Amino acid sequence: MPTIDQAKAMAKRLRSALAERAIDIAHSISLELIAAELGHPDWNTAAAKLQPTPPPGVSFYQAIPILRIFDVVKAREFYCDFLGFAVTMEQRHEPDLPLYMAVERSGLELHLSEHHGDASPGSTAFVWMVGLRAFHTELISKKYGYGRPGIIRQPWGDQMEVHDPFGNRIRFCQKHS
C-alpha cells in the first residue's frame, strides 16, 4: 500500500497524463480517482488510512505470507477461481522443478510454494481488510464444493476463515465499526 505522499504523487501524474491528452480534471478529482483505485470510497477515507511517509531508518512495509502448496492446478482453482486472486509471478528453476508463485488481490499479496523448505503445511495467515461481508457474499455465490465459509463475530472484529486444499488457513478480519 502506498504512503499518502505516494498517492498524492500518483494523482499528480494522472492529472498530468490526462492533460497531455487534452483532458483537464481538477486536482480533487484526480485524488478521488486514486482513492478509488486504492480501494477506498473517497479521498478523505484514503487520507485517513494511508500511512505517512516513513521516517529515515528502519521501517517495514508489508508482510507476505508464504503458503505451502502441493498441486498447482488445485492451488489455481482455490486462490484464483474461488478467492479471486490473480497470478503476478511464477518461477521454476527448471521446467520439472517445484513452482514458486505470487498471487494478488486488492493489495494483498500471497506467495505459494511447492518447495518443501519454504513453509509448513497447515499455516495460518491473518489479514485485516474492509468489505468482509461483500467478499463473503462473493465467495458463497460461487458455490465452491470444498468450503462455504461463514462469518464469526470476534472481540477484535468480524472474521471469515477459509481453508485451502493443502491445510492452510487464511483468516480475513474486519474491525468492528
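**View 1. Helix α4 and its buried residues.** In this predicted model, helix α4 covers residues 72-82. Its buried residues are Val72, Ala75, Phe78, Tyr79, Cys80 and Phe82. Buried means under 20% relative accessible area, exposed means over 50%, and partly exposed lies in between (1.4 Å probe, protein chains only). Helices (H or I, at least four residues) and strands (E, at least two) are DSSP runs, numbered from the N terminus. An α-helix has 3.6 residues a turn, so residues three or four places apart point the same way.

Residues are numbered from 1 along each chain as its sequence is written, and side-chain values use heavy atoms, with hydrogens and water left out. Because the model is predicted, local features need pLDDT of at least 70 and side-chain atom pairs count only at pLDDT 80 or more, while totals for chains, interfaces and linings use all residues.

**View 2. The two ends of α4.** What sits at the start of α4? A side-chain oxygen of aspartate 71 reaches to within 2.9 Å of the backbone nitrogen of valine 73. After α4 comes glycine 84. The phi of glycine 84 is positive, near 85 degrees.

View 3. Strand β2 (residues 86-91) and strand β3 (residues 100-105) run antiparallel, joined by 5 bridges. Two strands pair if DSSP finds at least two bridges between them. Opposite glutamate 90 stands methionine 101 of β3. β3 also pairs with strand β4 (residues 108-113), again in the antiparallel sense, over 6 bridges. Here valine 103 has leucine 110 of β4 as its bridge partner. In a regular strand the side chains alternate between the two faces of the sheet.

**View 4. The β3-β4 hairpin.** How many residues lie between the strands of this hairpin? There are 2. Serine 106 takes a positive phi near 50 degrees in this hairpin.

**View 5. Histidine 40 in its loop.** Histidine 40 is found in the loop between α2 (27-37) and α3 (43-49). Is histidine 40 buried or exposed? It counts as buried because its relative accessibility is 13%. Leaving out residues up to four places away in sequence, histidine 40 touches Met1, Ala35, Thr45, Ala46, Lys49 and Leu50. A contact means heavy atoms within 4.5 Å.

**View 6. A nonpolar surface patch.** Phe126, Trp128 and Trp156 form a nonpolar patch on the surface. Together they have about 340 Å² of accessible area. Areas come from the Shrake-Rupley method with a 1.4 Å probe; for residues, only the protein chains shown count as cover. Like charges are joined within 9 Å, and nonpolar side chains (Val, Leu, Ile, Met, Phe, Trp, Tyr) within 5 Å. Tryptophan 156 sits in the loop between β6 (151-154) and β7 (157-163). Tryptophan 156 counts as partly exposed because its relative accessibility is 41%.

**View 7. Two loop residues with positive phi.** Alanine 22 lies in the loop between α1 (4-20) and α2. Its phi is positive, about 65 degrees, although alanine 22 is not a glycine. At 69% relative accessibility, alanine 22 is exposed. Lysine 143 lies in the loop between α5 (132-141) and β6. Lysine 143 is not a glycine, yet has a positive phi of about 50 degrees. At 59% relative accessibility, lysine 143 is exposed.

Conventions
Patches are made of residues with over 30% relative accessible area and no salt bridge: like charges are joined within 9 Å, nonpolar side chains (Val, Leu, Ile, Met, Phe, Trp, Tyr) within 5 Å. A salt bridge is a side-chain nitrogen of Lys or Arg within 4 Å of a carboxyl oxygen of Asp or Glu. A polar contact is a pair of N or O atoms within 3.5 Å; within protein, one must be able to donate a hydrogen and the other to accept it, and residues adjacent in sequence count only if both atoms are side-chain atoms.
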